[in-house]
Amino acid sequence: MIFRDKQGETRHIYPLLPLRGMVVFPNQPQSLEVGRSRSVAAVHAAEANKGEGRAELFLLTQRNADNDSPSPDDLYDFGTLAVVEQTLRLPNNNTKILVRGTRRARVKRWLRVDDYDAVEVELFEPSQEMDAELSALVRTVKATFERFQKLNRAIPPEMLLQVNALEDPDRLADTLVAPLQFKMQERQEILELVDVRARLERLYRALLTEIEFLQVERKLKSRVKKEREANQREYWLNEQMKAIQKELGEKEGKSELEDLARALAAKDLPEEVQQRAERELRKLSQMNLMSAEATVVRNYLDWIVDLPWTELSGEPPDLARAAAILNEDHYGLRRVKERILEHLAVDSLVTKMRGPILCLVGPPGVGKTSLARSIARATGRPFVRMALGGVRDEAEIRGHRRTYIGAMPGKLIHSMKRASTVDPLLLLDEVDKMSADFRGDPAAALLEVLDPEQNNAFSDHYLDLDYDLSNVFFLCTANNLQGIPAPLQDRLEIIHLSGYTEHEKVAIAQRYLIPKQLELTGITNAHLEVTGGALLTIVQKYTRESGVRDLERHVAKIARKVARRVVRLGQDTRVRITSRNVEKVLGPPRYDFGNKEEADSVGLVKGLGWTNWGGDLLDIEVSAVPGKGKLILTGQLGDVLKESATAAHTYMRSRAEALHVDSDFHEKFDFHIHYPGPGGVEGPSAGIGMATAMVSAITGIPVRSDTAMTGEITLRGRVLPIGGLKEKLLAAHRGGITRVLIPEANTKDLEDVPQHVKDGLSIIPVRHMDRVLKEALNEEAVAEIFGAHSADTKLAVDSAEAERPSGGPARGT
């Protein structure tokens, strides 16, 4: 649509039709199917203006064909003015139109009508001048096109006649675009070339390229055809690909070799590695680059280039920053943090550290892997995790030799490549989960890796070069030491991470888990409040673990329920979870953490157990019934505990006179020892508890309900040390026990027990079973039965047997 404005200037405004994936040139017909509503409206607007002249549209190509609602920035500025010659309404409500391009134009201004887009354009007039140079160019292009048509059978002879009949340079240039294999971007660039000479020169270069390609293709087809048999079509295709690569890929191969040479020259390599790389590069330059051997050599050189050989992270340890990061990321773990800071302090004072390799050993969920990440962040080293769980092949550590097909370096070299420096923090995760088979023992391969005296010359089978691992900060994790071979343990400094106490779990939930879940679920502190009592109830009755993973899952469950409530009731919703209503949210409790008895009982002792999820109170029930002296044990007990029960029974027989029971009681009574509960009890630490319960059952003296005990018993009544004292005392404190009997040899372990637990318990160290009976049995009954015979009962704490030194290794669960 053409009109004049108030200043008398002519303005050209036309409806806009965006095109997807195509470019329409002047003097060329094109069939289009229009489906977008604004595009259909533009077509109708052009038809409506037909009364003023021709139905004209301005065609612009989209930069991104997938955009259904293009903005001005999504369209090119240069397009084609076209005449709508035919319009057809399709059954699917789309409109099919036939357009013919007329002139080039550039967008001057964008206009937006109610239901379609319009643009004001600047039209470009076709070139009218025809000099000798342009005439020669036209003739040359026509002659070149004729050669092209003879080689390309897809072009019909009629098109050659049409091209030869064209004398207008503009029409000739626009006509030749169609048979050439231009990309959409290239077609747009040709459309934007207003100068006809530039267009014809561009087309001339494209024709020469196509002719050269077709000549090579014809030569290749001719050569391959002579060698091809009737049933070898696949062979022919492969040969054609090889021929193409031979004709066109030699320059790429040379360029690749030059790139490798430059990369090796820029790399600061050790002398031995430099010599090996240069030798392999010379070998590669003499090979056929398409051969399998050349691929192996090229991959080998790529590994040498990609591996770090001398690159350092460049950040010396900062103890203050490291301590702040460790305290920020982890709660508690005081001894572990101190040992790590000591390690970093030594590292900062020496040039190259050759100290022991740290190994964090603890139950699942206590933060071993996350602690390694914090150490890496504190030291400024790259963190790389190498999972060893399930590894059973030595080659996964050392790699395969290059003689094997598909050979690759081992996990260790892969990890160093990911780190990009020679001093990362390399976490060997789950080092106790490796296993050995006929392919070798990966733990044996780690002996060299984790030995500070040897790992400066680690040899990977694939590289076949000495690789220096002495700058790597190795850190191992394991759940237990039983899965780590003794020679490997000898190279490690073991740092034990015990399970978190209830107080620590509540603090971790308040500081880390609740804020994390609030963020993940999209709620805030204004929506949810979880009290400390509620968290303690969750820890005691809904989880049984050393770490906090199950606790986090329960916190996440609460947060999700509150999030649902917020969505349903609005942002003003506020939920407060306490120990009283936590059961309504999480359901019935899953575990019973044990409580003390209401009154003193005969034959019932509170023992203390230690599991992977913490300490627990155990009921030890003993019943003495008339029989033939059998010792019956029930409750899915382990062999060690059964042996401990036999030792306790023998001790009681040896003290029959002191206990004022018949010396032949073991022939008249059967003792049934039972552990109520889910079962699976093991370890010797219940020895003094079973002995006390048997004495109570045979004498009828009640056991104090406020007392719990743990310790291993010998045949002579000595009390030996046990393990897990901290967790056991926590369980006793949690269950309402006020007095606990422990082996005297375990008093050194009280340092690890929280002060509020020690303040709430009366902890009584004992060395002999006689003292245990005096402290555990009901005082009034002991005085009534044994008071008149105190001289010969030897139940006093100062008896000669009680003063005998205790010994033996610390055992127990």
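Among contacts in the protein chain between residues at least 6 apart in sequence, 72% join residues at least 24 apart, where contact means heavy atoms within 4.5 Å. The model is a predicted one, in which local features need pLDDT of at least 70 and side-chain atom pairs count only at pLDDT 80 or more, while totals for chains, interfaces and linings use all residues. Residues are numbered from 1 along each chain as its sequence is written, and side-chain values rest on heavy atoms, with hydrogens and water left out.

The protein chain has 813 residues, of which 48% are buried. Buried stands for under 20% relative accessible area, exposed for over 50%, and partly exposed for values in between (1.4 Å probe, protein chains only). The secondary structure comes to 29 helices and 25 strands; helices (H or I, at least four residues) and strands (E, at least two) are DSSP runs, numbered from the N terminus.

**The open sheet**

An open sheet is formed by five strands in the order β9-β10-β13-β8-β14, with parallel pairing. Two strands pair if DSSP finds at least two bridges between them. The edges are held by β9 (383-387) and β14 (492-496); each has a single partner strand, so one side of each is left without a neighbour in the sheet. From one strand to the next the twist averages 25 degrees; axes are lines fitted to C-alpha atoms, for helices over the stretch in contact, and angles run from 0 to 180 degrees between N-to-C directions. Five bridges link β9 and strand β10 (residues 425-429) in the parallel sense, and Phe-383 stands opposite Leu-425 in β10. Helix α12 (residues 334-349) packs on this sheet and touches β8 (357-361), β13 (473-478) and β14; its direction makes about 150 degrees with that of β14. Helix α13 (residues 368-379) also packs on the sheet, touching β8, β9, β10 and β13, and its direction makes about 175 degrees with that of β10.

**Strands β4 and β17**

Strand β4 (residues 56-61) is mostly covered, with six of its six residues buried. Glu-56, Phe-58 and Leu-60 point one way from β4, whereas Leu-57, Leu-59 and Thr-61 point the other way, and all are buried. Strand β17 (residues 604-611) is largely enclosed by the rest of the structure, because six of its eight residues are buried.

| Strand pair | Sense | Bridges | Opposite residues |
|---|---|---|---|
| β2 (residues 10-19) and β4 | parallel | four bridges | Leu-19 and Thr-61 |

**Helix packing and a nearby loop**

Helix α18 (residues 502-521) packs against helix α19 (residues 532-541) at an angle of about 115 degrees, and their axes are 9 Å apart. The contact involves Glu-502, Lys-505, Val-506, Ala-509, Gln-510 and Ile-514 of α18, together with Gly-532, Leu-535, Leu-536, Val-539 and Gln-540 of α19.

Ala-526 is found in the loop between α18 and β15 (528-530). Its relative accessibility is 48%, so Ala-526 counts as partly exposed. Leaving aside residues up to four places away in sequence, Ala-526 touches Thr-573 and Arg-574. The C-alpha atoms of Ala-526 and Gln-571 are separated by 9.1 Å, although these residues are 45 residues apart along the chain.

A further loop, between β19 (631-634) and α22 (639-654), holds Gln-636. With 61% relative accessibility, Gln-636 counts as exposed. Its C-alpha atom is separated by 9.3 Å from that of His-674, 38 residues apart along the chain.

**Aromatic rings**

A search of the whole structure finds five aromatic pairs. Rings of Phe, Tyr and Trp (its six-membered ring) pair if their centres lie within 6.5 Å; planes under 30 degrees apart count as stacked, over 60 as edge-to-face and the rest as tilted. One of the pairs is edge-to-face: Phe-665 and Phe-671 lie 6.1 Å centre to centre, with 90 degrees between the planes. Phe-665 is buried, with a relative accessible area of 2%, and Phe-671 is buried at 0% relative accessibility.

Charged side chains also sit over rings, which requires NZ of Lys or CZ of Arg within 6 Å of the ring centre and within 35 degrees of the ring normal. Arg-402 lies over the face of Tyr-300, 3.8 Å from the ring centre. The charged end of Lys-417 is placed over the ring of Trp-303, 4.4 Å from its centre.
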